[in-house]
Structures are given as structure tokens and as C-alpha cells.
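Hi everyone, thanks for having me.

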Amino acid sequence: MTAEHVTTEPAMSEETLRSRVLGVVADWSSDQRSFKSASWGKAMMWIFLVSDTFVFSCFLISYMTVRMSTTVEWPHPSEIFALDIGGKKIPLILIAIMTFDLITSSGTMAMAVNFAYARERKKAAILMLVTAFFGAAFVGMQAFEWTKLIHEGVRPWGNPFGAAQFGSSFFMITGFHGFHVSVGVLFLLIIARAVWRGDYDVGRPGFFTSRKGRYEIVEIMGLYWHFVDLVWVFIFAFFYLW
Amino acid sequence: MTDASVPQNVAPPPAEVEDVELYHAHSWITKYVFCQDAKVIAIQYAGTAIAVGILALVLSWVIRLQLAFPGAIPFIDASVYYQSVTMHGMIMVVYMLTAIFLGGFGNYLIPLMVGARDMVFPYVNMLSYWVYLIATLVLVSSYFVPGGPTGAGWTLYPPQSILTGTPGYDYGIILMLVSLILFIVGFTMGGLNYVVTVLQARTRGMTLMRMPLTVWGIFAAAVMALLAFPGLFVACVMLLLDRTLGTSFFMPSLVELGERKDYVGGSPILFQHLFWFFGHPEVYIVALPAFGVVSDLISVHARKNIFGYRMMVWAIIAIGVLSMVVWGHHMYVSGMDPWFGFFFAVTTLAIAVPTALKVYNWVLTLWHADIHFTTPMLFALGFLVTFVNGGITGLYLGNVIVDVPLSATLFVVAHFHMVMGIAPVLVIFGAIYHWYPKITGRMMDERLGKIHFWITFLGAYAIFFPMHYLGVLGMPRRFYEMGETAFVPASAATLNIVITVIALAVGFAQSIFFYNLFKSLKHGAPAGGNPWRAASLEWQTPETPPGHGNWGKHLPVVYRWPYAYSVPGAPEDFLPQNAPPMSGEHSP
């Protein structure tokens, strides 16, 4: 049986599985580069994101632990995170908008990556600015949410609604995530400017290094941005929906 | 299938990545201070690490003096004692050992050993050092603030670490936490560089399975550090919030000095989990580079290929993976579900398997080898002995039922100093004696080196071996003074005095090493490019010390593994990795 036929079989034979596993091992351990299609920058961003995943996981697991260990009842998220709109209390409306906003920004980011590789500089830069706008809007809404909760008496060390750890975890986790978004917005603006000017066409040295930048930086930026969105989905699920 | 049938020694495929543009320093400042060359960064890292290491050594004398002569030395009160214990532990583990192995040897050796011109991101690499330096300065600055550094013990367990009774409550603990956060940020920048350089910037022919074990050890340690430091980072952030903003992540309701604190409902055990999720892998972040370096030292100075290279690599990976799931064995006495105790005991003892495999392979490398008792070799052999000793007491402590009575005694102190104090430090010394000729172009004095080895090795044994007995006697660790304690016999006090005297002597004897280090800079015998006749790539540089960009005009091409020693038919008794293949040669 030839190799082409093997793939059409419903179950993979043991022999094929073995050879494929060995193939992966051979690729990884091969000459010069373990990940043949990844540049240094992209590999570095991926590995950084794995490390950052551990940071966010530790934050979220710690939050779940204190939520379970605390002796006082946890405030009800759908009541705390509700907005009065036209005399009606709508639960989680702001969070829903924020989530929609951030996920939309992921879409514009992906389009920016596409246009950057197509060398359509203006479109790529504008889409990155739109992404940055959505990011800034997200941080703005977060600031609004913080202000509202602070007015209602929620503090890192306590709140009138229940367990003190609610405020602690809320400010810490959303703050840490908001910091990530803010850093992302800053870098989006810097890279959008470089794309707009055509820095990557003329090989102008980057602002961090003396090396020539490449359009790939837009995709690396995109990796970070999508990661920050993905983390938000987990924060949304574990903090607001639980 | 794979290319097993293809001869291994054909010329490697063409370069996949074009040669990098290097940043060329234009002034003295950018060449030696804010430098982007990994070799200079390595020396900056190592120099800073050794400097704080000396501070930590002096602090260990304070501890020893108090244990031997309780109350006799006027300036050592309980606060100073606890501050010394804390700072000694934290500096040695994080700011000295981690920094010197990864920041020092990692920076110097990775690019040279894999045939790269530099780390992949030299600018980030430079930032890494400067953030590390700031972290170190913040830590040391806690000696100059009111109340001094924190005396919480290096594990910083809350609630005690942030209560007013602990020395350094005002500023010390805050500076410690800030410093650790900075260290982690700085390390992440460096760690990403090390990992990506190993994965993506190897030269032609340098497959993963042709890398020296030193690179494997440092690589695995850097990966683990990137996964384990987040635990410490989060723990530090949350503890800092508890201390400064009054949150209650780790703080339960409690009464201190008759006063009800505002904390409510936190979980102190959570801190321990986060801390040890970092803390245990940390042991191997230090040990794995030491394993790698020792493999290379033994192979070069015994003129024999390392026994079971592939198994050595897989053992490093297995140890790395297992060590991420054993952290609970530090918490047996914190109270734990017996099933979890069982799980953590099993994973802990399972680490003994790959570790023992490594020890057997080192010994089998030495078997029937042409052993040259050079200073680096002596230190490598010293490591084997101390490491096996410390590893075996680790098997005791990995069992819940043995750990519970021994946990709070000097037995634990003896164990971890043997396994992650003395053993890695011996490797660091051996590695400095081994690579000094490449770094400076001159040899260190062998006679002084051997004197230094015997004093350090025998002295370290004399210090830590008796502590096992003290521990079994029930002598507790961390106690400021024992007073009249019925279960500790008077002879224990005598033994403590002996240990202290030896500790002071061995500490001062390190000046032999520093004298040798600085004297040899100018007066050492010229080393030439490859004084140990070693096969790995760092010894094949066109210049010694290696110039900017490491390799001159063309990157080296690698044809074989780094352990081609005593090869039959070779012109010398070794074949460098980049020497063109001999006819009919079939090397890994």
C-alpha cells in the first residue's frame, strides 16, 4: 500500500502513526531550525505567550481558590455587573459590549495582517489603528466599570456585597488584563506608524533594535493581540459568568 | 520514514536563514556597559551574581556564628539572624545560582556551542541584564531602609511574612517582593532569548541531537523557568497587594498582639502552592545546567564520548517534566489530603529514575577512560559525590512518613545544601576553570586550583555531612537559639562549633579562587584556542577570546556530535564538530 492510500483509510495503522510521530521528532530535532516556518520573532512571541498563559492561569486559579476558601458569600456577578438603562437593570450588558468590542478588534487585526503581507500599507495601517481604537475603547469601558464599582463602595480590601476577595480579584485580574491591552494599543500605534511610513519597505531600523523591521511584525503583533482576546474570554467565563 | 538510511556525515543542507546583521558597538559605553554582545552580557551577569553571592556567603557566616556561639556576638540579635537566613537563601537560590547558570553560562555558551553569532535578540538580552541588576540593587537596598531587610525566611510564607512581628515589616518585605517581580521580568527577556536561540538559530549541521549536553541542560532549565516563574510572579503580586492595599488573598482573619487585623478569609496554603510551583522546578533550573556542564567536563577530561548521549537528553527532559508535578512534597507538613501526599511522593521518587540514569552514565563514561585529573575534572567528580549524597537523602524526604519528623530539622538543611548548594557550586567552579581559557585566552593556575578544590570539597563535606546527624537528633532549623533543650545533647553544641569554624575557614579559602581568577587574567599561561583538546564548537572559534560575531566571516558547519574523543584513525585523539568528515566515518 502506498503512502497516498494510507491517508484515506478510516483508522491510522500503527505503522503510519509511528512514522508520523518519528517524523515530528525528526523535524523538531533537525538541522538549524526546529520550527521550519517560524522566524525568530514569531517563535519568541509564541513562547512568551506560553509563559504568559501560565501567569494568567495562576491568577485565575488563585482567584478560584480564594473564591472557594472564603468564608463569606461571593457577590452575585449578574447583579453587581448590571447597568441601569431606561429604568431597567440589565445584567452583564457592559461586559457583553466589551467582549464584543474586543472580539471585533481581533477581526480587524487579522485583516491588518492580511493587508500587511499584501503590502497594502495604508489599509494595513488604518486597520491597525481601528484595532487600537477598539482596544482603547475596551480599556475606557473598563475604566468606566471600575469607576462605577468604586462609587458603589467596592474596594480591593472589601465591599458591601460580600466576600472581600471579590474586589481584590476583580481589580487585580481585570487590571492585569487591562494592562496587557494598553501595552498592545501602544505597540499597535507604533507599528501602525511604521507601516504607514513604509519603514519596512525601506529597511529603516526598528525602534528597539538596530535591525531592519519586516512586515512580519504585524503578524507577531497580531499573535499578541489575539492572545489578549483569548485570555479575556476566559476571564469573562470564570469571573463574570460563574 | 526518517532519514536513518542516509549517511549521517554528508554535507549538511544549505543555510535556511541568512546571516544576521549584528549591532556594532561604536563607543566604549556600548561595547562594555550597555552592550548587546552575549559574551559581555554573560560576564556582567556572572560578575553581578558572584558579587551578591559573596554577600550571601558572608550572611551564612552570621548564621553559623549564632548557631555555634548563641548570644556571644553582640550585633547578632534575633532580627539580624532571621534577616540573614532569609537573604542568604533568597540570594543564593535566585540571584546567584539561577542568574549565573542561565544568565552567565547560558549567554556565553549557547551562541558559541550551537554556532550562532549572538543571541537572537541582542537588545532584549541587554535589557534582561539591566533589569536583573536593578532587581539585585533593589534587594540589597533593603539593608539601607528603616527596619532592614525582611526576616520572613526565604519562602516568605504568609501570614507571618507580612505581619508586624517579622523583621523588615515596614519596607524590607516590599523591596523583596518588588525585587523578585523585577527579576522575573528580566529573566523572561533572557529566557526567551536562550530558548529561541537553541531552537531556531543553530548553524548548519547542528541538529538538536548534536548539541552538547551543556546546551541541553541550559535549554531545558530555561523552558522550565519560563513555566515556573509565573507561579512566583503571581504569588509576589498578590502578597504585595496583601501587604500594601490590605487585600486578603493569603491572609485569614487573625489577631496579632491582641489586635484584630482587618484581613479576612484568605488562604495561606494558596501561597505555598504558588511558591512551590516555582520553588521545586527552581531546584532543577539550577541542577539541569549543572548536569549538562558536568557531562561535558567529564567527557572532555576523560577523553571519552559521553555514555548514552540520547538517554542523557531524554533524562533531562524527563526530569524537567516530572519536576513540574512534585511541588507538593514541600508541603507535607502543611496539611494535605493523603491521596495528594501519595501522588506527590510517587512523582518525587520517580525523578530518582532518570537522575540515577544520569549518574550511571557519568560513571560509565569514566569507566576505562583516560582520566586527566585537571581542576575542572576534580570539580566534576566532586559534584558526582555530593550530588549522589544529596540525592539519596532526597529519597528519604520524598516519603511523607519520613519527611514529617525530619522536615523542620537540620536534616533538610543538609539535604538541600548538598544537592542544590554544594553540588551546583562545585560545577560552577569547575566550569569557570574549564572555560576561563576560552573567555580570557589564559589558563588558570592548576596548583592553586587543586588546593582550592580540595579545601572546598572536603570543607563542604565537613560542614554539611554532620548536619544530617544533627537533624536526626532533632535539632530544629531556623531557630535563633536553642536554650536549654532536653532532647538536644550537649555534644550537638560542640559539633555546631566545629561546623562554624570549618565554614569560616572554607569561606575565607575562596579567596584562593579569586586570587587565581584575577592573577591569571594577566599572568596566566597563554592558552591557545583549544587547551583541553575539546571537540565541541566553542573551542573552534577563529579567535580566542571569540570576537564580536563569534565566527569571523563564515559560520561553522557541523558534521558530527560533540563527543568524538579517542576516535580510531583520527589525526589527534579527538575530532572537532566542524572538521570535515573522514572517509568512511559514521558518527552521530
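Let's start with B:Leu156, which sits in the loop between H4 and H5 of chain B. Keep in mind that what you're looking at is a predicted model. The phi angle of B:Leu156 is near 55°, a positive value, and this residue isn't a glycine. Is B:Leu156 buried or exposed? B:Leu156 has 23 C-beta neighbours inside 10 Å, and the cut-off for buried is 20 or more, so B:Leu156 counts as buried.

Staying in that loop between H4 (122–141) and H5, we also find B:Pro159. A cis peptide bond links B:Pro158 to B:Pro159, with omega at about 0°.

Now jump to the segment after helix H15 (490–523) of chain B, where B:Pro545 lies. Here B:Thr544 and B:Pro545 are joined by a cis peptide bond, and omega is about -10°. B:Ser566 is in the segment after H15 too, and this non-glycine has a positive phi of about 50°. B:Ser566 has 14 other C-beta atoms within 10 Å, so B:Ser566 comes out as partly exposed.

Okay, zooming out to chain B as a whole. Along the principal axes, the C-alpha atoms fill a box of roughly 80 × 55 × 50 Å. Buried residues account for 53% of the chain. And if you take contacts in chain B between residues at least 6 apart in sequence, 80% of those join residues at least 24 apart.

Next, how do the two chains meet? Chain B puts 44 residues into the contact, and chain A puts in 41. On the chain B side, the elements giving two or more residues are H5 (172–200), H6 (213–244) and H7 (268–301). Which one gives the most? That's H6(B), with eight residues. By class, this side has 27 nonpolar, twelve polar and five charged residues.

The crossing is right-handed. Among the residues that meet here are A:Trp40 and A:Phe48 from H3(A), and B:Leu192 and B:Val196 from H5(B). The residues of this contact split into nine nonpolar, three polar and no charged.

Key
Residues are numbered from 1 along each chain as its sequence is written. Chains are lettered from A and ligands numbered from 1 in the order in which they are written. This is a predicted model: local features need pLDDT of at least 70, side-chain atom pairs count only at pLDDT 80 or more; totals for chains, interfaces and linings use all residues. Two residues are in contact if their C-beta atoms, placed from the backbone, lie within 7 Å. Helices (H or I, at least four residues) and strands (E, at least two) are DSSP runs, numbered from the N terminus. Ala, Val, Leu, Ile, Met, Phe, Trp, Tyr, Cys and Pro count as nonpolar, Asp, Glu, Lys and Arg as charged, and the others, Gly among them, as polar. A crossing is left-handed if the near helix is turned anticlockwise from the far one by less than a right angle, and right-handed if clockwise. A residue is buried if 20 or more other C-beta atoms lie within 10 Å of its own, exposed if 12 or fewer, and partly exposed in between; C-beta atoms are placed from the backbone.
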